[in-house]
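Q: Hey, could you walk me through this one? I'm new to it.

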Amino acid sequence: MTHSGGKPHTNVGDRGQRYEVRTTGYPKQDKSVVGWAETVGGADELASAFRQNPDCTSTEIFDRQENKSVITRFCGILR
């Protein structure tokens, strides 16, 4: 049973979002999914915000429909 008592989920945050934003180094050392966006531009804005953190070593925008990475950018101090 789901937390909503088996009702359909209508407030899932990534529903309809084509692009997934992943980071490495922040918020944790391993790769993390940090958000979703409808457009590459929106995903790049989100990724750009994470690249400002000095612990972030890379960001990746992943196309969930095509099942492939679209943009990978390295940043910060590579360790």
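Q: Is Glu66 buried, exposed or partly exposed, and what is its relative accessible area?
A: Glu66 is partly exposed, with a relative accessible area of 48%. Buried means under 20% relative accessible area, exposed means over 50%, and partly exposed is in between (1.4 Å probe, protein chains only).

Q: Before we go on, what kind of model is this?
A: It's a predicted model, where local features need pLDDT of at least 70, side-chain atom pairs count only at pLDDT 80 or more, and totals for chains, interfaces and linings use all residues. Residues are numbered from 1 along each chain as its sequence is written, and side-chain values use heavy atoms, with hydrogens and water left out.

Q: OK, back to Glu66. Which residue does Glu66 form a salt bridge with?
A: With Arg18, and the closest N and O atoms are 3.9 Å apart. Arg18 sits in the segment before strand S1 (19-24), and Glu66 in the loop between strands S3 (58-63) and S4 (68-74), so the pair links distant parts of the chain, 48 residues apart. A salt bridge here is a side-chain nitrogen of Lys or Arg within 4 Å of a carboxyl oxygen of Asp or Glu. Strands (E, at least two residues) and helices (H or I, at least four) are DSSP runs, numbered from the N terminus.

Q: And how many salt bridges are there by that rule?
A: The count comes to 8. Another one pairs Glu20 with Arg64, with 4.0 Å between the closest N and O atoms. Glu20 lies in S1 and Arg64 in the loop between S3 and S4, so that pair ties together parts 44 residues apart in sequence.

Q: Is Glu20 buried or exposed?
A: Buried, at 10% relative accessible area. Arg64, at 30%, counts as partly exposed.

Q: Switching topic: how many residues does helix H1 have?
A: H1 has 12, residues 40-51. From first C-alpha to last, H1 reaches 16 Å, close to the 16 Å expected (1.5 Å times one less than the number of residues).

Q: Which residues are buried in H1?
A: Ala43, Ala47, Phe50 and Arg51.
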